Amino acid sequence: MPSLAIVGLQWGDEGKGKIIDFLSEKASLIARYQGGPNAGHTVRVKNKRMVFHQVPSGILHPHTIGVIGQGCVIDPAILKKEIESVEEMVGSISERLFVSPECHLIMPYHKIIDELRENVSSQSIGTTKRGVGPAYEDKYARVGLRVADLLSEETFRDKLKRVLAQKNLLLMEIYKAEPLKEREISEEYLRYQQLFKPLVRDVSLMIEQTLREGKRVIFEGAQGTLLDITYGTYPYVTSSAPTVGGICTGLGVGPKRIDKVLGVAKAYTTRVGYGPFPTEGSETISSILRERGGEFGATTGRARRCGWFDAPAVRYSIRINGVDLLAITKLDVLDDFEEIKLAIGYKETDEFIPYLASKLSPNYITLKGWKRSTKGIKRLEDLPKEARRYLEKIEEEVHTPINLISLGEERDSTILLEDFF
Ligand code: IMP
């Protein structure tokens with residue numbers, strides 16, 4: 001029963017979408033376990049680009065099934081649009097996409113509160129303003145509405161009535177905003193009954209059955225370890241658990257069902273939104289990396305902050321997730337650098353400590369760049385020797401083997417060192 005968890009080891013945007021799509025060729029089922037439309041997993045196939053927000057990134061292969069687990073929050077309008085875009089690209093995905101009835105719904109007030117709160121500078125995290133944080137807050141406050149509630153008009157109206165009374169008080173009294181109308185929300189959301197009815201399944205059971213049949217399953221993480229609600233750079237984090245533990249709670253899968261963990265890290269580091277970033281580059285380095293790497297948010301279009309690879313931070317994420325193998329993405333973005341820096345520790349400590357992250361000043365080593373295009377290279381041996389040295393140095397610093405190297409968005413711009421899945 002081979003299963004593979006794919007998790008981000010930095011602040012998201014590691015290029016997981018491409019890796020998941022690439023490895024999904026062999027998978028039967030791909031399962032998203034947390035997050036919502038804050039994610040933006042980009043996949044490029046035959047000159048067409050698809051940005052996945054909620055639908056699992058492996059669904060472009062005709063034989064795969066995608067499931068959205070109960071650890072996720074869903075914005076129905078975005079999901080509907082996304083399904084339409086996927087279907088434009090690959091034809092119907094009915095009977096190939098399923099959703100847990102226990103997924104929480106992102107409601108209009110979640111998006112409004114996310115936005116209003118971001119406008120208060122002392123509360124600002126730099127969120128995607130998709131309502132994801134407020135939806136998870138309601139889940140834990142036990143006042144959330146779930147996909148299952150939407151399936152019964154009476155239940156939905158009843159729960160909405162009670163919750164909206166509270167939300168309108170908050171909107172009016174605290175944020176001095178307009179109250180929302182129950183009827184308008186009900187009308188809009190009840191239209192999505194038709195969307196969800198054929199999608200709802202027990203995804204935990206589906207995964208178990210798929211694994212029992214000996215078929216391959218991929219657990220798709222969104223965001224990254226350093227954005228994890230517990231293990232990230234709190235409070236500048238997302239509201240879910242992108243780390244491997246999120247798979248068990250977000251899909252109803254036991255820990256022994258996770259056979260291997262592939263950690264994905266970019267050959268440098270980026271971060272979008274506020275919060276500590278020890279290796280953040282000077283404006284010059286940051287803008288060169290941003291321009292060469294096309295580092296603009298796939299969900300919000302925001303310019304990403306960029307800097308050099310932070311080995312202790314990645315080593316930390318490897319520990320938290322029990323990573324077996326590494327995928328290094330966007331190595332080609334470093335093709336033109338004379339010199340490349342790599343953080344191997346900090347002046348204050350050797351290990352990454354999330355709550356001290358804003359106080360850490362990295363110790364760098366400088367490696368020679370390769371100043372040569374890596375485009376089209378298919379074998380590790382054919383990479384310039386300086387590029388191989390850079391990868392070896394990363395492996396040494398993070399104590400984990402690199403098994404996959406990505407040199408561009410297309411499926412075939414990938415070097416797979418060993419068939420591990
Ligand atoms: P939220 O998840 O929208 O609440 O945003 C919280 C933090 O996580 C912000 O810094 C966002 O920029 C960041 N974030 C959320 N989703 C992603 C993602 O998919 N990639 C990178 N950063 C993300």
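Visitor: What distance separates the centres of domain 1 and domain 3?
Guide: In this predicted model, the centres of domain 1 and domain 3, taken over C-alpha atoms, are separated by 23 Å. The contact draws on 38 residues from domain 1 and 42 residues from domain 3.

Visitor: And which stretches of chain are those domains?
Guide: Domain 1 is made of 3-100 + 199-260, while domain 3 covers 265-416, and domain 2 takes 104-145 + 152-194.

Visitor: What area is buried between domain 1 and domain 3?
Guide: About 3,100 Å² is buried between domain 1 and domain 3, and carbon and sulfur atoms give 59% of that area. On the side of domain 1, the residues that lose the most area to domain 3 are L9, W11 and K18, which together account for 23% of what that side buries.

Visitor: Switching to charges, how many salt bridges cross that interface?
Guide: Five salt bridges are found across the interface of domain 1 and domain 3. Separately, R49 forms a salt bridge with E409, where the closest N and O atoms are 2.8 Å apart. For polar contacts, the count between domain 1 and domain 3 is 23 residue pairs.

Visitor: Which elements of domain 1 supply the side that touches domain 3?
Guide: At least two residues each come from α1 (16-23), β3 (41-45) and β4 (48-52), and α1 gives the largest share, five residues.

Visitor: What's the residue make-up on that side?
Guide: The side of domain 1 that touches domain 3 has 16 nonpolar, 13 polar and nine charged residues.

Technical notes
Residues are numbered from 1 along each chain as its sequence is written. This is a predicted model: local features need pLDDT of at least 70, side-chain atom pairs count only at pLDDT 80 or more; totals for chains, interfaces and linings use all residues. Side-chain values use heavy atoms; hydrogens and water are left out. Domain bounds come from an automatic or database domain assignment. Contact means heavy atoms within 4.5 Å. Buried area is the accessible area (1.4 Å probe) that two parts lose on being put together, summed over both. A salt bridge is a side-chain nitrogen of Lys or Arg within 4 Å of a carboxyl oxygen of Asp or Glu. A polar contact is a pair of N or O atoms within 3.5 Å; within protein, one must be able to donate a hydrogen and the other to accept it, and residues adjacent in sequence count only if both atoms are side-chain atoms. Helices (H or I, at least four residues) and strands (E, at least two) are DSSP runs, numbered from the N terminus. Ala, Val, Leu, Ile, Met, Phe, Trp, Tyr, Cys and Pro count as nonpolar, Asp, Glu, Lys and Arg as charged, and the others, Gly among them, as polar.
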